[in-house]
Protein chains: 2
Amino acid sequence: MHSSKVIPSASKNRQLRLDGWGFVDEHFAASPELLAWLTERLGQPEPFPSFDDSAFDPAATADGQGPAALPELGCATSNAPLDRLAHARGRGFPDLVRLRSGTVPRLPDAVARPVDDGELEALLATGDREGLCLIPWGGGTSVTGGVNPPADAAPVVTVDLAGFSGLHQLDEISGLATLGAGTTGPALEAALQTQGWTLGHFPQSWELSTLGGWIATRSAGQESLGMGRIEDLVAGLDLTAPAGRMSLPALPASAAGPDLRQLVLGSEGRFGIITRATMRVRRLPASQRVEAALVPDWASGVAAARALVQGGVPLQLLRLSDAFETQVAMTVGLGRSRFATLVRGWLKLRGIGDQACLMLLGASGSHRHADATLEAARTVTRPHGSVWLGAGPGRHWLADRFRHPYLRDSLFDVGFGTETLETAVPWSGVDRLYQAVSQALAEPGGDGERPTPVLCHLSHPYRDGVSLYFTVFFRCPQNPDVAVERWAVMKRRATEAIQAAGGTLSHHHGIGAWHAPWFPHEANADGWQVLRRVADTLDPHNTLNPHVLLDRTDRLEA
Amino acid sequence: MHSSKVIPSASKNRQLRLDGWGFVDEHFAASPELLAWLTERLGQPEPFPSFDDSAFDPAATADGQGPAALPELGCATSNAPLDRLAHARGRGFPDLVRLRSGTVPRLPDAVARPVDDGELEALLATGDREGLCLIPWGGGTSVTGGVNPPADAAPVVTVDLAGFSGLHQLDEISGLATLGAGTTGPALEAALQTQGWTLGHFPQSWELSTLGGWIATRSAGQESLGMGRIEDLVAGLDLTAPAGRMSLPALPASAAGPDLRQLVLGSEGRFGIITRATMRVRRLPASQRVEAALVPDWASGVAAARALVQGGVPLQLLRLSDAFETQVAMTVGLGRSRFATLVRGWLKLRGIGDQACLMLLGASGSHRHADATLEAARTVTRPHGSVWLGAGPGRHWLADRFRHPYLRDSLFDVGFGTETLETAVPWSGVDRLYQAVSQALAEPGGDGERPTPVLCHLSHPYRDGVSLYFTVFFRCPQNPDVAVERWAVMKRRATEAIQAAGGTLSHHHGIGAWHAPWFPHEANADGWQVLRRVADTLDPHNTLNPHVLLDRTDRLEA
């Protein structure tokens, strides 16, 4: 039996929450300790209402009119108000504000559900001919405004790709699985794991997000250190664009010109719709373990993380929380456990103070390999003052790793907003970027707000650099417009700090609409122009996702 | 001391051979055993003359005219006949035929040597304005016609990039080295290794080829299994094009849109000239070992190689020769050694017959890691019938690995031609491709020629597939036109067989001019069109390398 991965219960019949993360029957309550911690720093919040569907009037929330009249689209199409609302926004902070408050400025005019290449091609042809705006939809988990109908667009049809789902072929000699782009994480792993295989791609959004979405946004799974990023896992893929189709065969490597796969990866639906992909899969490992350690402070933790990855210790996963995030993790994750009490006492004895940073280290493979890897990690981190905590915190983290986004909704309920930002930078730039972005995020939001508590962790380490992931908390203004505006001010400030410190606009969430105004700087004017021409070639009338990647309009408050 | 890599003596003052591989003071003689082996199969050859520079008349070999009049190019420029000849051809079979026989159809009209960005930009601007054809030149080792002035081109200026050379910056925290694109392999490793670092990129052409050439053609070093391909090693790069510059910063990873680096990688000078790159480098390993094993036959060798790489054994290098190549390797590499005699006797005792296949397995890192890796490899290959030969053959191979191309010139001297082809394919396609390409290559060349002996090895294995590298031998016709024509027939046949069997046009040599007619099939019509538009954007007047990558003209006989 392959017991190392848990396949979650089938999610097909579970109802998705309209105004928050995931499924309506799933919750992650904020612990009293966490609420106390936040209240102490931010003051007493006022509850933020959740969505009241009895009061929902799509004509009122949109531009005051009903859905635009649309031509025949050649596939199943719906313009039911709640279906349109369910496909109106991603899952960034302003999306939740808009959804909860029922103030979504623009809904798609319809949701189309093509089920095969013929239907999709007909839909793209119609969109191209009739001047529609088509928005591909996988799991709808964008945190960059990627799936939000732009206010200034033509009639908008959101294209739900659930029909392009499932495992089509498994080449067990080569370890290659061909899957539909609309396949969600759980469906994908279930199909593979019943045959003893795994893709091993586990972004935090995994329960909802889809293979096509991962490819379109250059996703990185939490185990990217061992498994590689999504671009390392794609061997071949099919793209359908208004101007034609690109079917790139599965190849292990090639020197036949520039890699067109890498042009589709990260194209965010702007160049075409990814319909299927052939992925590099592996046999399920016999063992998967995550252990935890504490290091005395951030500097020693960064040095230890760098030593581990540059020393080639074959870890599957490595995360380092800064002191603030470590405090919160202890409060949230360990707060209620007997284990936590033991840990605290023991650490006091070991002289680990309040600057301590938590490290999670994962290993997988044969039992022997996992043991040897963690032993090597202990040896490498010891000179950096590591104190090993064992498997307890890792078990907690593994059990909850896809549940953390639900916590955001619980905090919203009581009135705390939270947002995350991520980037990547060479190791030599970590200190500067960490300081600059923490400062930019911590600045008070105005109107008597207190400084925002900023948490950070390193994850996805590479030999030459690492991703930094920031989490901020604030009291959420009751007025949705004010809430979004404050957030936009913070987002702009943080984005500018990231670019000034040499970080990338995104390590694993993409450009979307929200980072797009800053993208010409990162791509260089000429690089940006090249991508623009590629878009013009494949989608000559800007039919697909015109608002993402290459549109310089600031849409943070849209 | 870092003793694991040998830095060859500085090559700066060594004279390059005009009509063959490498340096004039270096030779690799064909052993009597090899000559006997070839003569037995192909018949007695007639010596093929080498180049007679006393008889060289550039006006006669070109189009009967002297070099075209050129505008002022703003940098050091030469139109000396032998300088033009030295920059007239790459190092494929027809190149050597043309160079040795002094029948090069077209020389560049001048060789330009810009030394900084300003000179290069001025040169590109002049080329763009005056309708010149500019051909970037690194080491001149193309085996795809990449650097050959096309017969139908405007005045041709070959742009020698030796001025863009050297180590500019070393970030020892991040393991990032910024180097000029014209830096050759030996100069690059010397600059890094004196500081304790290595890039670890060792293609067979390493003594001559350059960083920019590796990037432009998506090179793979012989240790790609451990070190990654050149695209895995590039963190950032600068490209200068007629329409502008792209300066892509060093980042460990990014989700900020499609990866523009991956569009430059493999662009073969068609989109611009790579001037410098920031590369991921590593500390020199303490130990580097290559051991050899024999397996009973090709099928068991392929199975063993697949088991090693899919099982995650952290080898640095893995090669498997087929039975024919194993026989030749034994004849050539071991023929004269006492060790070989011992090996033969011992193998007879172990029951290894004439279908035996040679495997080379390399490990590097700490002594302990290298030992453990090779021990793991022994364990994994044992069920496939491996018999371990120890370090002897590996030492031979390491000592000679950059000298093998010199053997080709020695064979030419006696009248044997040789050519190589390479591709990559998923593991499930190896058998079919191996059969199809071997058959296509073995077909007699016509005019009473005997079947061509075809040798093959697997190298550069990946979890999902592997590169196949074919070597063929034939008697070289005395008439250079006939020699090139026969070769072209074979090349077309083999290329079609590779595509029909699902292989890529090239695993590590690029498209150049010679594979370009088949490239639309691999890139798909739409992918090809996209690349065409990218070229139009960066180089609107087809100034740079108009004959490579995107020109469908069959130039095999040009």
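Tutor: Let us begin with a definition: axes are lines fitted to C-alpha atoms, for helices over the stretch in contact, and angles run from 0 to 180 degrees between N-to-C directions. Please keep in mind that this is a predicted model.

Student: Are α17(B) and α18(B) roughly parallel or roughly antiparallel to each other?

Tutor: Helix α17 (residues 430-442) and helix α18 (residues 480-500), both of chain B, pack at an angle of about 165°, and their axes lie 8 Å apart. Angles over 145 degrees count as roughly antiparallel. The relation of α17(B) to α18(B) is therefore roughly antiparallel.

Student: How many residues of the contact of α17(B) with α18(B) are charged?

Tutor: On the side of α17(B), the residues that meet α18(B) are Leu433(B), Ala436(B), Val437(B), Ala440(B) and Leu441(B). Among their counterparts in α18(B) are Met490(B), Arg493(B) and Ala494(B). The contact has 10 nonpolar residues and no polar ones, and the number of charged residues is 1.

Student: Which are the edge strands of the open sheet in chain B?

Tutor: The open sheet has 7 strands with antiparallel pairing, in the order β15-β12-β14-β13-β17-β18-β16 of chain B. An edge strand pairs on one side only. In chain B, the edge strands are β15 (387-390) and β16 (416-426).

Student: What is the bridge partner of Ala292(B) in β15(B)?

Tutor: Strand β12 (residues 287-295) of chain B runs antiparallel to β15(B), and 3 bridges join the two. For Ala292(B), the bridge partner in β15(B) is Gly390(B).

Student: What angle does the direction of α17(B) make with that of β18(B)?

Tutor: Helix α17(B) packs on the sheet and touches β16, β17 (454-459) and β18 (465-475) of chain B. Between the directions of α17(B) and β18(B), the angle is about 15°.

Student: Which element supplies the largest share of the side of chain A that touches chain B?

Tutor: The contact takes 70 residues from chain A and 70 residues from chain B. Elements of chain A that each supply at least two residues to that side include β9 (244-248), α10 (261-264) and α19 (519-538). The largest share is 14 residues, and the element that supplies them is α19(A).

Technical notes
Residues numbered from 1 in each chain as written. Chains lettered and ligands numbered in written order. Predicted model: local features only at pLDDT ≥ 70, side-chain atom pairs only at ≥ 80, totals over all residues. Contact = placed C-beta atoms within 7 Å. Helix = DSSP H or I, 4+ residues; strand = E, 2+ residues; numbered from the N terminus. Parallel < 35°, antiparallel > 145°, perpendicular 65-115°, else oblique. Nonpolar A, V, L, I, M, F, W, Y, C, P; charged D, E, K, R; others polar. Pairing = 2+ DSSP bridges.
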